[in-house]
Amino acid sequence: MERKIIELDQGWDYMQKGITKLKRILEGLPEAQFNSEEYMMLYTTIYNMCTQKPPYDYSQQLYDKYKEAFEEYITSTVMPSLREKHDEFMLRELVQRWSNHKVMVRWLSRFFHYLDRYFIARRSLPALNEVGLSCFRDLVYREVNANARVAVIGLIDKEREGEQIDRALLKNVIDIFVEIGMGQMDAYEADFEAHMLNDTGEYYSRKASNWILEDSCPDYMLKAEECLRRERDRVSHYLHSSSEQKLVEKVQNELLVVYATQLLDKEHSGCRALLRDDKVEDLSRIYRLYHKIPKGLDPVAAVFKQHVTAEGTALVQAAEDATSNQASSGSGAQEQVLVRKIIELHDKYMAYVNDCFINHSLFHKALKEAFEVFCNKAVSGSSSAELLAGFCDNILKKGGSEKLSDEAIEETLEKVVKLLAYISDKDLFAEFYRKKLARRLLFDRSANEDHEKSILTKLKQQCGGQFTSKMEGMVTDLTVARDNQVNFEEYLNNNENVSPGMDLTVTVLTTGYWPSYKSFDLNLPEEMVRCVEVFKAFYETKTKHRKLTWIYSLGTCNINGKFEPKPIELVVSTYQAALLLLFNTAERLSYSEILTQLNLTHDDLVRLLHSLSCAKYKILIKEPATKTISPNDNFEFNSKFTDRLRRIKKRIEDLITRDYLERDKENPNMFKYLA
């Protein structure tokens with residue numbers, strides 16, 4: 001049985017009834033919803049009209065009429081209703097009309113679905129959904145988008161001024177700009193976003209021009225931060241997410257970039273003032289606001305560097321002034337205080353770099369460059385390398401002025417090594433450090449061997465193995481020397497016929513590790529000669545390949561002074577002991593006799609005699625009793641010597657061993673080794 005042919009007019013009349021019902025439902029008029037039977041009849045009508053044999057295949061005509069249905073509805077109903085409304089009312093109508101239109105497209109494209117499946121696919125025509133949406137775009141959107149945009153931007157500005165607005169309405173309108181692009185963002189960007197960004201720039205430009213005059217830098221920053229927070233909030237509530245970066249950059253530009261110099265240089269509240277007054281929170285805010293702006297942090301880092309440099313330079317100048325005011329006394333203490341203050345300064349501003357400036361490399365660089373400026377300034381003729389080595393010595397030696405717990409010592413050493421990174425002449429520090437280390441090790445002045453090893457480990461990590469190899473060798477030498485002394489004592493116990501005639505401790509050092517010391521052909525007293533010979537015999541049993549060079553300037557002796565009031569044990573240098581022992585066989589000796597018998601240079605002998613006859617403890621009596629030594633002087637043993645302090649065991653400091661390095665008088669950058 002053949003299917004009855006449906007003519008175009010007849011079939012379209014039936015379809016028109018369905019479309020009219022749909023329009024009534026959309027307009028909110030009393031109308032029942034489509035039931036499945038009605039839906040199937042409408043679908044089947046289209047199906048039949050498209051599958052009839054030519055010339056009754058009305059696919060093309062139906063495709064055209066589908067589009068005309070939308071155009072007619074928009075022209076007769078939608079546009080008049082939009083044209084009579086304005087501002088927010090127009091926006092509400094537009095949202096409703098767009099919502100209705102999408103429903104209409106959905107229903108009609110179902111009724112006409114058969115076209116989509118075959119006819120459109122074969123002819124490569126736009127799909128029904130696209131045709132339906134394009135009608136709205138071409139006939140509604142193109143006419144109203146400018147007014148809609150103006151209304152939306154007006155509402156956004158009202159909200160910026162603190163008014164309550166209907167955010168849901170804004171979101172729905174802005175969604176039209178997005179959806180009308182059917183997968184492309186061109187319409188949103190060109191018809192809405194560009195204008196919105198332009199308005200935003202103008203809005204914040206007006207605000208900023210007032211705030212920069214009225215507000216302090218911290219208050220301005222608070223406002224800027226709050227504005228940025230609110231703009232981001234706007235994006236999350238009704239703008240498209242793709243606008244966030246552009247919007248933020250626009251606000252940043254108007255509030256932060258345009259006025260950066262004026263803002264950061266504000267006299268009483270800008271960067272300098274914030275650093276001066278330790279306004280950590282405000283500095284953190286500056287970092288948060290400027291770190292996302294290209295080169296935004298450069299001026300902040302420049303001010304930070306200038307500020308730290310000025311603070312550090314002031315510390316150095318204060319130390320310089322203090323040492324010149326008390327020229328002779330306590331300058332060493334001032335230098336200790338200076339290093340401690342520089343460490344505190346570093347702690348303070350490193351915390352700024354880590355916390356306020358979130359470890360940003362720009363601020364690490366600024367801090368480094370600032371410290372390099374003042375950490376390389378000399379104080380009272382002493383280089384920073386010398387000051388730093390002296391500071392370490394004071395911490396590590398027995399009886400240093402800093403009384404610290406083990407943890408505090410470790411922490412301080414860690415910080416000193418960090419400061420060393422800023423010292424340009426690290427080799428000079430190593431030289432001074434080695435001299436001080438030698439004294440601590442050789443004169444048993446080191447307070448704790450673990451700390452000595454710990455700082456060497458830290459120095460090695462910072463400056464490399466070559467930097468510390470000699471120092472490590474020195475520490476190892478002392479350990480080996482202790483074992484050596486035990487072996488020597490066993491050797492003496494096992495060979496009864498061998499005896500040095502007194503207690504003898506010898507420290508054998510490796511020449512390459514230690515600072516250079518002068519070796520003199522001192523004429524030793526007989527008692528000491530025997531000691532030397534006994535040790536040499538022992539040492540040759542250990543090795544035949546090493547030559548011993550005796551450094552008498554580093555030795556000490558405990559000798560008994562038989563003074564008339566009472567005998568006193570004196571702790572003296574080897575030189576002092578050799579000189580004093582001459583008086584066992586002579587009551588009185590002239591300068592030239594002593595010079596000949598000891599085989600010393602004039603300079604060394606003058607210092608030596610001065611230490612025994614002109615210093616606080618006068619073991620020798622000098623004639624004439626002047627304060628200076630001359631080649632015509634005579635000396636005799638002071639048998640009346642007594643120390644007012646009870647139970648004395650006083651070390652008479654040998655001026656030769658007090659310091660191993662002195663500055664050249666003509667060239668302050670040159671250093672001479674002393675014995």
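This is a predicted model: local features need pLDDT of at least 70, side-chain atom pairs count only at pLDDT 80 or more; totals for chains, interfaces and linings use all residues.
Val 152 counts as buried because its relative accessibility is 0%, where buried means under 20% relative accessible area, exposed over 50%, and partly exposed in between (1.4 Å probe, protein chains only). The residue belongs to helix 6, residues 128–160. Helices here are DSSP runs of H or I with at least four residues, and strands are runs of E with at least two, numbered from the N terminus. Setting aside neighbours within four places in sequence, Val 152 is in contact with Leu 91, Leu 170, Val 173, Ile 174 and Phe 192; contact means heavy atoms within 4.5 Å.

Residues are numbered from 1 along each chain as its sequence is written, and side-chain values use heavy atoms, with hydrogens and water left out.

To give a sense of distance, Val 152 and Asn 560 are 408 residues apart in sequence and 104 Å apart in space, C-alpha to C-alpha. Val 508 lies in the loop between helix 21 and helix 22 (526–542). Is Val 508 buried or exposed? Its relative accessibility is 15%, and therefore Val 508 counts as buried. Not counting residues up to four places away in sequence, Val 508 touches Asp 477, Ala 481, Asn 484, Phe 535, Tyr 539 and Leu 548.

I turn now to helix 21. Helix 21 covers residues 465–494, and its 30 residues at 1.5 Å a residue should span 44 Å; the end C-alpha atoms are 42 Å apart, which agrees. The expected span is 1.5 Å times one less than the number of residues. Where does helix 21 bend? The bend is at Met 471, by about 25 degrees, taken as the angle between axes fitted to the seven residues ending there and the seven starting there.

The next topic is the sheet. Strands of a sheet pair through backbone hydrogen bonds, either parallel or antiparallel. In this model an open sheet of three strands has the order 3-5-4, with antiparallel pairing; two strands pair if DSSP finds at least two bridges between them. Strand 3 and strand 4 are the edge strands, each pairing on one side only. On average, neighbouring strands of this sheet are turned by 25 degrees against each other, direction ignored. Helix 25 packs on the sheet, where it touches strand 4 and strand 5, and its direction makes about 115 degrees with that of strand 4. For such angles, axes are lines fitted to C-alpha atoms, for helices over the stretch in contact, and the angles run from 0 to 180 degrees between N-to-C directions.

In more detail, strand 3 (residues 588–590) and strand 5 are joined by three bridges, and Arg 588 has Glu 636 as its bridge partner in strand 5. Strand 4 and strand 5 are joined by four bridges; here Lys 622 is partnered with Phe 635 of strand 5, and Ile 621 stands opposite Glu 636.

Helix 24 comprises residues 591–598, and Tyr 591, Ile 594, Leu 595 and Leu 598 are buried within it. Why do these buried residues line one face of the helix? Seen down the axis of helix 24, they fall within an arc of 100 degrees, so they line one face; the arc is that of the directions from the helix axis to the C-beta atoms. Their cover includes helix 23 (574–581), strand 3, helix 25 (602–613) and strand 5. Asn 599 follows helix 24 and has a positive phi, near 65 degrees.

That leads to backbone geometry. Most residues other than glycine have a negative phi, and most peptide bonds are trans. Met 182, in the loop between helix 7 (167–179) and helix 8 (186–214), has a positive phi of about 50 degrees. Met 182 counts as partly exposed because its relative accessibility is 31%. Lys 295 has a phi near 60 degrees and sits in the loop between helix 13 (280–290) and helix 14 (298–325). At 68% relative accessibility, Lys 295 counts as exposed.

Finally, I note the cis peptide bonds joining Pro 54 to Pro 55, with omega about 5 degrees, and Glu 623 to Pro 624, with omega near -5 degrees. Pro 55 is in the loop between helix 2 (36–51) and helix 3 (59–83), and Pro 624 is in the loop between strand 4 (620–623) and strand 5 (634–637).
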